[in-house]
Amino acid sequence: MTDAPRSPYASVLGDRIAELSPALRRYVDTIPDGFVGRGEGVFDRVGSRRWFLTPLLRWFARRGVVPAGWHERVPFRIENRTVEGTAVAIRRFDLPAGAFTMHDAVRATSRGTVVDRVGRPPDVAAEFAVRVVESTLELQSIAVGIRLGGLRLRLPEWVAPRIRLPERSVGDGQRVEFAMDLPHVGRIYEYAGTFTYRIEEDA
């Protein structure tokens, strides 16, 4: 177990990982080979209220980045694995129109940040600063990029969305709140929900 590459969050946080609550530490720490992290919960809300973004969000939805539309009380499940130092996640949203599956992979950088690549194949990437604030894990975006065909583009700062993603313990579970804001526009996408999480053998 100790010879396996560390999770990207464990690599970036180092000793600061001990400042997280036990539930969050279990969530971001390295998952040994042969094991999987599984969670179930409900999103209070997921999506965007900005109707003019619907065509763009549908484009992203077809690529497994985020579900389009606006939804409330959405059951979801997550599976996490650590694969050669990468945190690989599969999220399933049980939407009224059918299940939506989102894939993402998080790697640590030499700059002490993490990069999350979302979609299958990954069409969106975001680099995050990682902090621990009063036992809460906080991710704040530094840069956002997209892939168009074979071209990878880093969005300029004046148009790049700002993403904030805190995770904290609540009761017997944990809560995640994702917020994406666009300069001069405001909130364009969000999700928030509570779930329980466990590590178990990967059958």
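Me: What does serine 135 count as by relative accessibility?
Reply: Serine 135 counts as partly exposed, because its relative accessibility is 35%. The classes are buried (under 20% relative accessible area), exposed (over 50%) and partly exposed in between, with a 1.4 Å probe and protein chains only. The model is predicted, so local features need pLDDT of at least 70 and side-chain atom pairs pLDDT 80 or more, whereas totals for chains, interfaces and linings use all residues. Residues are numbered from 1 along each chain as its sequence is written, and side-chain values use heavy atoms, without hydrogens or water.

Me: Where does serine 135 sit?
Reply: Serine 135 is placed in the loop between S6 and S7. Strands (E, at least two residues) are DSSP runs numbered from the N terminus.

Me: Is histidine 184 buried or exposed?
Reply: Histidine 184 is exposed, at 85% relative accessible area.

Me: Changing topic: which residues does the cis peptide bond join?
Reply: The cis bond links arginine 120 to proline 121, with omega about 0 degrees. Proline 121 belongs to the loop between S5 and S6.

Me: On to the rings. How many aromatic pairs are there?
Reply: There are 10 aromatic pairs in the structure. Rings of Phe, Tyr and Trp (its six-membered ring) pair if their centres lie within 6.5 Å; planes under 30 degrees apart are stacked, over 60 edge-to-face, and the rest tilted.

Me: Why is the pair of tryptophan 51 and phenylalanine 52 edge-to-face?
Reply: The planes of tryptophan 51 and phenylalanine 52 stand at 85 degrees, with ring centres 6.1 Å apart, so the pair is edge-to-face. Tryptophan 51 is exposed, at 70%, and phenylalanine 52 is partly exposed, at 44%.

Me: What about phenylalanine 178 and tyrosine 191?
Reply: Their planes lie at 10 degrees and their ring centres 4.7 Å apart, so phenylalanine 178 and tyrosine 191 are stacked. Phenylalanine 178 is in strand S10 (residues 173-182) and tyrosine 191 in strand S11 (residues 186-201), so the pair ties together parts 13 residues apart in sequence. Phenylalanine 178 is buried, at 11%, and tyrosine 191 is buried, at 9%.

Me: Which residues form the aromatic cluster?
Reply: One cluster is formed by Tyr27, Phe43, Phe76, Phe93, Phe100, Phe178, Tyr191, Phe195 and Tyr197.

Technical notes. Helices (H or I, at least four residues) and strands (E, at least two) are DSSP runs, numbered from the N terminus.
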